[in-house]
Each structure stands twice: as C-alpha cells, then as structure tokens.
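Let's take a walk through a few local features worth a look. Keep the viewer open as you read.

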Amino acid sequence: MSGGKKTDSTETAAKKKFTRRDFLVTGGTVVAVDALIATTPAAAVAASPAPPPEKVQAYPASKGYLVYDSKKCIGCTTCMLSCSLTHYGVQSLSLARIQIIQDSFGKFPTDLEMAPCRQCKYPPCVQSCPVQACFVDEANGNVRRIDTDKCIGCKTCLKMCPQQPHRTVWNHEIKKSTKCDLCLETPYWNEKGGIGGKQACVESCPMKAIKFVSEMPDQKETDGYNVNLRNEHWLKLGLVDDSRIVPPGSRSMGGGAPKAKMQAPKAKA
Amino acid sequence: MPGGYTGKILRVNLTTKQVSTIPTEKYVEFGGGHGIGSAVFFDLVGDQLPFDAFDPRNLIIMMASPFSGTFMPGSGRCEVQGLGPMLYPIEWFGHSNFGGRFTAQMKFAGWDGIVVEGASDSPVYIDVINDQVKIEDATNGVWGMDTWDAQQEISRRAVPGLKQGEWAELAQNCFTTQIPAVVACGPAGERKSRLGALLHGPGSQAALCGFGGVFGSKNLKAISFLGTGSVPIADPKAFMDARLWFRQFQWDVDNPRDAEIFEGGGYSLINGAPSGGNVTNGGPNRVPARAAACASCPRGCKMRLATGDSNEAVCAGTMVANVGGGGMFAAFGRKPDPNAMPTALSQKLTRQANDLMHRYGLGHWQVMATRGYIEALVREGVIGKGKQIDFELPPAGSFAYHETMFRTIALREGPLGALAAEGAARMAEKLGRYQKDVSSGMLRLTYYGTQEHYDSATQVEWGYGSILGERDLMLHQMANYPLHWMAQSGNPYLDAEQASKLYAEAMVPYEDDRYLVDYGEGPTGIYSDSKVKQVAWVKHYEKFWIGAGGFCGWRWPQCITNNTADRRGATPHAEPRFWNAVTGQNKTFADYMELGHKIFTLDRAIWALQGRTRDMEVFPDYVYDQESRGSVQPMVVDGKWTYATGQGRKLDRAKVEDWKTRFYKFEGYNPATGIATRETLEKMGMKKVADTLEKRGKLG
Ligand code: SF4
C-alpha cells in the first residue's frame with residue numbers, strides 16, 4: 001500500500017477526524033486540498049502556484065535549503081540515522097525526515113533516490129494544514145516546520161506533499177506528522193542547528209553528498225536540488241558518467257608507479 | 001536493558017512450526033552477535049554434541065549486535081553460526097558473516113537475532129515484519145528460484161503494494177520507504193551442497209561454512225526482515241559526537257589527505273576511498289557506477305553498475321569467475337594479452353559469470369578451491385572424457401566453462417557434480433587422495449577444509465589464528481591490508497619501525513610489547529611470546545569487536561591509517577567510545593577484549609565437545625616441508641626493522657608446537673589439550689561450561 005497520497009480510506013479517515021469547527025475555520029483550505037489531490041505530484045507542483053497572490057506573500061522564502069547529489073550517495077543511511085538520533089534520541093529509518101530509497105538489484109543511477117524536504121517556495125504542507133500546525137517559522141529563517149503539539153494527526157500534509165515519496169514524515173510513535181526543520185530542534189545534539197547552524201545529515205554524510213545552501217534552488221523539477229557535488233577527486237575514482245576523462249589505470253591496483261614519495265611521518269613517542 | 005538491544009531474540013522451530021522468543025537480557029554479558037550466538041548454541045544443543053550439520057538439531061543462529069541498525073561505522077554485518085558442513089574433518093561449530101542491511105532491518109523489526117531449529121517437512125521461508133512472524137509456504141514458486149529471484153519475489157510477497165520511491169504502510173499505521181532485507185540460499189543450498197552460500201542482495205554472501213546447505217537441509221529457502229521501529233541509544237549526544245569525531249579517520253572524498261600519494265594506484269583497495277572492491281570495473285572500459293555501502297559504512301567499497309551486472313560484488317568473486325583473462329588484469333593495471341578476448345568483453349562476461357555464481361548460491365571462496373582442484377585433476381588425467389570421472393569441461397576461461405562448472409556443482413549434475421558439491425576436502429577424501437594432495441600442497445586446504453589465503457609461514461597471525469579457530473581467519477584489516485598491502489604498494493607510508501610502533505600502541509592491553517608485528521624468524525618474531533600476544537589479540541578482537549559487534553573485517557581494527565596526520569588509527573579509542581555511548585556501559589577497550597577472550601574460550605569448549613584435540617591444530621605438511629612463497633611484512637632482521645618477504649623460509653614444526661604450548665598457557669588452557677581449565681572457565685563466569693566439559697571428560 002502506498003503512503004496514502006491517493007488512498008481514499010486514509011483520506012476519509014483524515015476528514016473524519018476534523019470537527020465541524022475545523023471545517024468552518026479551515027474549510028477553504030480543505031477544498032483546495034481536494035483539488036490538488038486529483039493531480040499528479042509533478043503536475044501539482046507546476047500547477048500549484050494556483051494559490052492566490054496574497055497567499056504566496058504569506059510564505060516568505062526559507063533562508064536555507066538542502067541540495068544533494070544522488071550519484072555521489074553510497075546508500076549508507078547515516079544521514080537518516082543522524083536525523084532520527086538528533087531529533088528523537090533513537091536510531092530509526094522510519095522516523096528520519098530525509099529518506100534514502102534504494103534497491104541493490106537496480107541499475108545506477110536509478111537504483112537510489114534521495115528524498116530530503118525541499119523547503120518549498122509554495123509549501124503545500126503549510127498551505128493545507130487545517131490547524132496551522134505546519135507553519136513558516138519567521139523567527140527562524142522561515143523554515144517550514146510542524147508544531148507537533150498542534151498537529152491533530154490528520155495526515156493532510158502527507159497527502160499534499162507533491163513529492164514522491166512525501167517529505168512530510170509520519171511519526172507512528174506519537175501519531176503526528178513531522179518534517180525536516182533543518183535541525184532547528186535537535187534536543188539530542190550538542191550543536192546548534194537551523195539556519196546559521198549545522199544540519200545532522202550534512203555533517204555526518206561520509207560522501208559529502210548533502211549540502212546546505214541559502215539560495216533557493218529551481219523549484220520546477222528535481223534538478224535544482226539534485227546537483228553535482230563531486231569534484232576532481234571523485235572523478236579519480238572512475239565511477240560516474242564522465243569517468244572517461246580519468247587517465248586509464250589511475251585506479252588500478254599495483255600497476256602504476258607511485259606518484260610521489262612519502263615523507264616519513266612524525267609518529268609521536 | 002542496556003541501550004542498543006531490542007530485548008528479544010526470535011526462536012523458530014521448523015519441525016513444530018512453533019515461534020517463541022528468548023529474552024536478550026539472559027545473554028547480554030556476551031555482548032551481541034557472535035558472543036550471544038555461541039552462548040545460545042551452547043545452551044540449546046551443547047550437551048547433545050556431536051551431531052551432523054545436516055541433523056535437524058543443528059541451529060542457524062543469526063545475531064545482530066547493539067550496533068546493528070545504528071550509524072556505528074562499518075558495523076553492518078550479520079554473524080551466522082551453526083555447525084558448518086563445509087568444515088573438515090569435523091563439521092565444526094562455525095561462523096560466517098555477510099554485509100548489507102539485514103541486521104539493521106532485523107533490529108528495526110524489534111529483534112536482536114533469530115535462532116532456527118528443526119527442519120520443515122516441506123519448503124518454507126520465514127517472513128518477519130515487525131512483531132509479525134510468518135512461516136510461509138515456499139513450494140509455490142519460491143523454492144527452486146535462484147537467490148536473486150527468490151529475494152525479489154519474497155519482497156513482493158511480503159509487502160504486496162510496495163512501490164519503489166513511495167512510502168509503504170505496514171501494520172499498525174507504520175510507514176517505511178525501505179524494502180525487505182532477505183537472505184536466501186540458492187539451488188546449491190537447496191541440494192545440500194557444502195559449497196552452498198547465503199546471499200543477501202546481489203553480492204553479499206556468507207559462504208565459508210556452507211550454511212546455504214544447512215538452509216537446504218531444513219527446507220528453509222530464506223529469511224526476510226522489515227521493520228519500522230527504532231534502536232534505543234543510551235547516550236544519544238555522546239553517540240552523535242563520537243560519529244562526527246570519527247570523520248577524521250575516514251577518506252575525505254572532497255579533499256583526501258595526501259591525495260598525490262594515496263589516490264588510486266597501489267592504495268586503491270586499502271586507502272578507505274569509495275568503491276575499489278569490484279575489480280572488473282576499471283580501466284578505460286569502466287561502466288558508470290555508484291560506490292555502494294552496507295548499512296552505516298562510511299566507505300562503500302562495492303559498486304552498483306549502470307549495466308546492473310556484478311552489483312555489490314567484490315574482488316574474490318570476480319577473480320573466480322574470470323572470463324577471458326583480460327578483464328581483471330586491466331582493472332589491476334596490467335597489460336592484457338594481445339591474443340586474449342577484448343578487455344571490455346572479458347570484463348562484461350566476468351561480471352556476468354560472477355552473477356551466475358551468486359544466483360546459484362555458491363560461495364566464491366570455496367568454489368575457487370574446488371575449481372582449482374578440478375583443474376588439477378584434469379591435468380592429472382583423473383577427470384576428462386573417458387577418464388575415471390567422465391566429464392569434459394569447455395575450454396578453461398570461457399564463459400561456458402564457468403557456466404558448466406557452476407551448474408554442475410550447484411545442481412549436483414553427474415558424477416563430477418555429486419563429488420564437487422561435497423567441497424574439495426570431501427571430494428579428495430572420496431577419491432582416496434586427501435592425505436596425499438593436501439600434504440603435497442596440490443590442494444591447499446590449510447585450515448579445516450578452507451583454502452590457504454595468505455602465506456602461512458610469513459603472515460603467521462593469519463595462519464595461527466586460523467588453525468586455532470575453525471576456518472580461514474578472513475580478517476584483512478588486522479595486519480594484512482594495513483601492513484602487507486601497504487608494503488606491497490611499493491611506497492609504504494610508514495617504515496617498518498614506525499608501523500610496528502603505532503601497531504603496538506593500538507594493541508591494548510599488550511601496548512608495552514614493541515614486537516607484536518615482528519614477522520621475522522628472530523627471537524621477537526614468529527615463534528616468540530610477542531606473537532603469542534598478537535595472536536591472542538587477534539582472536540579476542542575477532543570474537544568481540546568483529547563477532548559480537550558486527551564489525552566488518554575490511555574496516556576494523558584500524559591500528560594505522562593514511563587518513564590522519566600522524567597515521568594513528570581509530571583503534572583502541574573508537575570501539576569503547578561507541579559501545580559505551582550506545583549501551584550505557586562504561587568499560588574499557590581491555591575489558592571488552594577480555595570478553596572476546598571469554599567468547600573464544602566458549603567456542604573452543606564447543607569444539608572440544610565436537611572432538612577437537614591439540615594435535616588437530618596443525619598445518620598440512622607442505623607448510624612445514626616446502627619453502628614458502630613469502631609475503632611482505634614488517635620484520636626485525638639482524639636487529640633492524642625492515643619490510644621483507646620471508647620467501648624461502650619453512651615453518652619449523654617443533655617451534656610451532658612450542659609456541660602453541662605457550663599460547664595455550666597464556667590463554668588459561670591446558671597445554672596438553674588446548675582446552676580451558678576449570679579455573680579459567682570459572683574465572684570467566686562459565687562454571688556451567690566447565691561442568692559440561694567435565695561430564696564429557698573434555699575439561700582441560
Ligand atoms: S549519509 Fe550520505 S552517502 Fe550515506 S545515505 Fe545519506 S546521503 Fe547517502
């Protein structure tokens with residue numbers, strides 16, 4: 001079964017949880033939600049600037065984004081586990097707000113997909129939340145966040161995220177939605193997170209395949225987020241498409257003469 | 001319950017189809033993985049030994065560690081234990097392990113391990129999703145599949161609506177984007193081949209002991225885990241700090257230290273850089289690929305190719321299945337033979353032949369020995385058209401040759417298949433040639449039916465460590481990669497004296513001994529008390545950190561590294577720092593090494609119950625009688641540290657025996673038998689083991 005984006009039962013359940021008052025307060029948004037459900041995720045993004053201009057202005061751009069390089073990723077899941085550890089104090093793939101999806105029988109590069117939150121310009125999660133639990137944190141660089149105290153667990157934001165898989169993440173332990181906050185609230189980490197601070201996934205990724213940037217990536221498709229973070233050292237591994245520029249044999253075993261002579265290191269006594 | 005554990009071990013009886021749990025708490029003193037596995041084995045069937053590996057009483061134990069499912073670097077392996085049908089002359093209580101994400105999913109599903117006992121009367125597989133455990137019928141298409149198809153089919157059946165790239169909703173409103181982690185035997189295992197391996201993913205395999213054959217004997221095709229839970233961490237902040245501290249020991253992919261020396265060339269296998277494991281994807285014909293990692297590994301030594309062939313394969317497999325000769329050598333930087341098959345084709349066919357071996361569920365290291373023996377017997381005229389074993393193989397090195405070889409062995413086809421599926425040792429025995437061929441070195445089954453890996457007369461920690469165990473030691477990172485391969489590169493980054501000094505510093509609690517890695521023949525060399533300590537360290541590290549901790553033998557220990565300024569590695573600081581953060585325990589590296597000593601002692605007690613005696617812990621004659629090929633290692637020669645090969649030396653029987661006497665005493669074992677004394681066992685808190693040994697007349 002899918003995460004529920006298109007499943008009627010989940011949607012019905014979500015609606016059932018609303019009180020009449022919820023509908024009165026948020027009815028307009030819910031109508032918009034239903035309209036978007038009918039579209040495919042990619043089409044939804046293209047079409048979603050449907051929100052009226054005054055709504056767009058209500059969402060100032062995030063001052064931080066995660067971009068990534070899915071060809072550089074080795075699928076170790078360290079980023080996911082760092083995310084769950086710093087936020088919850090446990091190691092869990094299901095609770096991680098960045099998802100790495102892979103099939104080791106697959107063919108490079110489609111064998112693996114990286115799925116962090118995009119901190120969208122027009123965030124459908126914020127826009128659709130019937131109780132404003134999902135909000136733009138203007139005090140903290142406009143990060144799109146979810147206040148779990150306010151969240152009623154209706155899963156609307158899961159269904160409304162136009163990405164596949166949805167970047168809003170269901171926390172089955174507390175039965176609330178969560179999402180990437182760029183590590184603003186990481187009670188299990190000694191570092192300051194959020195914009196101007198550090199992000200657990202960025203810091204722990206051994207491949208440096210995730211990067212924090214301040215400039216908003218191109219919103220239309222994934223290319224703005226899935227970028228090339230490889231430099232000449234990566235190319236020397238001879239792994240990716242443009243590997244032919246590597247001199248033949250450069251990653252061979254025992255064949256090439258040593259390129260430089262080692263200085264004897266100073267081992268401490 | 002300390003952090004890192006889920007608290008329960010799954011117990012499945014395939015005879016009665018009964019599913020129950022064992023509380024992990026009962027075994028926490030053994031750490032995890034191999035330690036808990038040995039203790040469970042002893043408790044459940046120790047007093048019934050000896051019996052055969054294919055007896056339904058044999059167990060398959062797959063234990064995770066407190067690190068499994070966490071981001072502890074290089075801890076993604078799954079330890080498999082049980083009586084190993086591949087091992088010889090007795091099917092020792094053996095261990096084998098594989099990488100990937102199996103133990104991670106096991107932990108997320110809420111289990112610290114699985115113990116399978118009994119045998120089903122018809123083929124089944126075990127499907128675990130969180131706390132839901134099902135013994136599923138495998139006759140409906142899964143039995144008979146190769147290891148790849150079986151894994152993918154079981155994944156589909158386990159989560160029917162699973163679509164890659166989407167969240168799947170499991171029971172209890174839990175979601176995951178991950179696919180089930182399945183380990184399966186292939187057609188070889190189904191036919192109880194002693195060469196039968198367990199495959200997880202396309203290339204991760206547990207192969208040395210023949211556990212694929214044990215799966216087959218139990219009518220068990222596969223085990224699948226998928227979980228949405230979490231692993232508790234005692235001190236999350238300390239664990240995160242430790243993980244970020246550890247970055248200094250990793251290869252910096254964007255800015256490697258001393259790149260001009262360590263990038264590529266002789267260092268590509270050992271520098272810690274991504275990929276490097278698959279030797280058929282190199283040279284000018286390389287196929288675009290991803291470096292691919294096991295769960296939590298910061299290196300990613302494997303590859304996934306754009307062609308999808310030989311995904312996650314490593315060097316040994318592609319060496320065994322070498323088609324045309326040119327492929328591997330191109331990757332190794334050697335000039336291909338101009339008359340050979342074009343390199344690109346050779347590489348492609350080698351990769352595909354390797355995949356075929358994996359699909360059949362054959363273990364490459366054992367196939368290598370068996371295939372080599374078959375070739376030798378062809379040369380001797382024993383195998384061939386109209387010969388004693390009437391069988392004609394296609395031309396050596398062709399794809400057809402490998403296809404025929406793998407199919408014949410896996411499906412037990414004809415007289416050759418029936419013999420070879422028993423493994424090289426039993427094949428030789430059945431032909432009445434075991435003694436002759438092994439003694440002469442024609443068949444180099446150096447350690448209990450497993451083949452020689454590195455030269456036993458020079459890399460002695462590997463040789464001694466193997467004969468004191470139950471199979472090939474297979475631990476490259478102890479001294480082989482960092483020392484042998486560093487020197488072999490032709491440009492060692494530490495001279496022999498510096499290397500020996502840093503090694504000694506790391507090898508706590510023997511850090512005061514400067515000669516732990518002296519491989520010379522002098523007073524501090526291969527027969528010395530320093531070597532006693534080195535081998536004890538290797539066995540204790542093997543049992544606790546590698547075995548109980550689920551560490552990868554290609555990543556740990558790390559006594560030296562090219563990735564730090566002073567070349568010091570993460571050992572012995574990283575291991576207890578991580579372990580204590582996860583579990584909340586507060587012990588030292590030396591404390592945990594003593595636990596490794598305890599686990600080693602328990603394993604040896606189990607072997608004693610199976611019939612192990614001191615006189616079995618010897619090398620075949622050729623190791624003592626023939627001049628060694630040598631293997632470059634640090635040595636003290638004429639009072640000075642140097643790198644030398646030791647070529648031409650012979651191991652001295654009497655000196656090895658004297659060394660063994662000192663080793664047994666050092667470990668608290670009776671030197672006459674090599675088995676632990678009651679005093680040693682009781683000091684370690686294993687009175688019950690002493691009682692069982694005594695009852696059976698086996699106490700040391
Ligand atoms: S930590 Fe980096 S390499 Fe590992 S899965 Fe995450 S993005 Fe990929």
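Predicted model: local features only at pLDDT ≥ 70, side-chain atom pairs only at ≥ 80, totals over all residues.

## Aromatic rings and charges

Across all chains there are 39 aromatic pairs. One of them joins F262(B) and Y493(B) edge-to-face, with 5.3 Å from centre to centre and 85° between the planes. This pair ties together distant parts of the chain: F262(B) belongs to helix α7 (residues 259–262) of chain B, while Y493(B) sits 231 residues away in the loop between α17 (476–488) and α18 (496–506). Both F262(B) and Y493(B) are buried.

Two arginines in chain B also go for rings. R577(B) puts its charged end over the ring of W245(B), 4.6 Å from the centre. R612(B) lies over the face of W92(B), and here the distance to the ring centre is 4.2 Å.

## Two helices in chain B

Start with α12, residues 399–410 of chain B. The buried residues of α12(B) are Y401(B), H402(B), T404(B), M405(B), F406(B), T408(B), I409(B) and A410(B). Their cover includes α4 (187–190), α8 (315–320), α10 (343–360), α11 (364–379) and α13 (414–420) of chain B. Just past the end of α12(B), R412(B) takes a positive phi of about 55°.

Now for α21, residues 589–610 of chain B. This helix has 22 residues and reaches 32 Å from first C-alpha to last, close to the expected 32 Å. How much of α21(B) is buried? The count is 19 of the 22 residues, so α21(B) is largely enclosed by the rest of the structure. Just after α21(B) comes G611(B), with a positive phi of about 115°.

## Around the ligand

The ligand has 13 residues around it, and C73(A), C76(A), T77(A), C79(A) and C205(A) come nearest. What is the make-up of this shell? It divides into 10 nonpolar residues, 3 polar ones and no charged ones.

## Two loop residues

N140(B) is in the loop between β8 (132–137) and α3 (147–158) of chain B. With 54% relative accessibility, N140(B) counts as exposed. Its C-alpha is 56 Å from that of T661(B), which lies 521 residues away along the chain.

Q626(B) sits in the loop between α22 (621–625) and β20 (633–637) of chain B, and at 30% relative accessibility it counts as partly exposed. Leaving aside residues up to four places away in sequence, Q626(B) touches S439(B), S440(B), G441(B), R444(B), R649(B) and K650(B).

Most residues other than glycine have a negative phi, and most peptide bonds are trans. Here are some exceptions. The bond from L49(B) to P50(B) is cis, with omega near 0°, and P50(B) is in the loop between α1 (33–45) and β3 (60–63) of chain B. T571(B) and P572(B) are joined by a cis bond too, with omega about 10°; P572(B) lies in the loop between α19 (529–548) and α20 (574–583) of chain B.

As for phi, C183(A) has a positive value of about 70° without being a glycine. C183(A) is in the loop between β8 (176–178) and α8 (200–204) of chain A, and it counts as buried at 6% relative accessibility. S296(B), also not a glycine, has a positive phi near 70°. S296(B) is in the loop between β16 (289–292) and β17 (302–305) of chain B, and at 2% relative accessibility it counts as buried.

How values were computed
Residues numbered from 1 in each chain as written. Chains lettered and ligands numbered in written order. Heavy atoms only, no water. Phe/Tyr/Trp six-rings, centres within 6.5 Å; stacked < 30°, edge-to-face > 60°. Helix = DSSP H or I, 4+ residues; strand = E, 2+ residues; numbered from the N terminus. Buried < 20%, exposed > 50% of the residue type's maximum accessible area, 1.4 Å probe, protein only. Lys NZ or Arg CZ within 6 Å of the ring centre and 35° of its normal. Contact = heavy atoms within 4.5 Å. Near = heavy atom within 4 Å. Nonpolar A, V, L, I, M, F, W, Y, C, P; charged D, E, K, R; others polar. Expected span 1.5 Å × (residues − 1).
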